[in-house]
Amino acid sequence: ASCEAWLRHMIETGVAPNVVSYATAIHARARLGHVKEAEGWMASMVAQNITPDAVSYNSVIHANSIVGNTLGAEHWLDEMVKAGLEA
């Protein structure tokens, strides 16, 4: 996804991405059912000490739902609730 290219470019050039930057990349992958990639961006966001928002969590939940991974969707819903966010 082209938004991923921009996010990588930001990181490589020292521009600090924010939650919206990451959420956009997560959503782009999630709508295609690319669970591994969406979860990878989520992990990158957390590694950069950026707190995921409800959009980020819902996107990863959606990605898991698209591919029929109910356990994965439930895991991310649990993580979202633990973070104090509402679905």
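Predicted model: local features only at pLDDT ≥ 70, side-chain atom pairs only at ≥ 80, totals over all residues.
**Entry 1**

I noted the basis of the model: residues are numbered from 1 along each chain as its sequence is written, and side-chain values use heavy atoms, with hydrogens and water left out. Local features need pLDDT of at least 70, side-chain atom pairs count only at pLDDT 80 or more, and totals for chains, interfaces and linings use all residues.

**Entry 2: Geometry of the pair**

I then looked up the axes of α2 (residues 19-30) and α3 (residues 35-47), which come within 8 Å and cross at roughly 165°. Therefore α2 is roughly antiparallel to α3, a term for angles over 145 degrees. Axes are lines fitted to C-alpha atoms, for helices over the stretch in contact, and angles run from 0 to 180 degrees between N-to-C directions. Helices are DSSP runs (H or I, at least four residues), numbered from the N terminus. The crossing of α2 and α3 is left-handed, meaning that the near helix is turned anticlockwise from the far one by less than a right angle.

**Entry 3: α1 against α2**

I found that the axes of α1 (residues 2-12) and α2 come within 9 Å and cross at roughly 150°, so α1 is roughly antiparallel to α2. C3, E4, L7, M10 and I11 of α1 make the contact with S21, Y22, T24, A25, A28 and R29 of α2. This contact has seven nonpolar, two polar and two charged residues.

**Entry 4: The core**

Which residues touch the most other members of the largest nonpolar core? Among its 18 residues, they are Y22, I26, W41, M42, M45, V60 and W76. A nonpolar core is a set of buried (under 20% relative accessible area, 1.4 Å probe, protein chains only) Ala, Val, Leu, Ile, Met, Phe, Trp, Tyr and Cys residues joined through side-chain atoms within 4.5 Å. The helices α2, α3, α4 (54-66) and α5 (70-82) each supply at least two residues of this core, and α3 gives the largest share, five residues.

**Entry 5: S44**

I checked S44, which lies in α3.

Note on methods. Parallel < 35°, antiparallel > 145°, perpendicular 65-115°, else oblique. Buried < 20%, exposed > 50% of the residue type's maximum accessible area, 1.4 Å probe, protein only. Contact = heavy atoms within 4.5 Å. Nonpolar A, V, L, I, M, F, W, Y, C, P; charged D, E, K, R; others polar.
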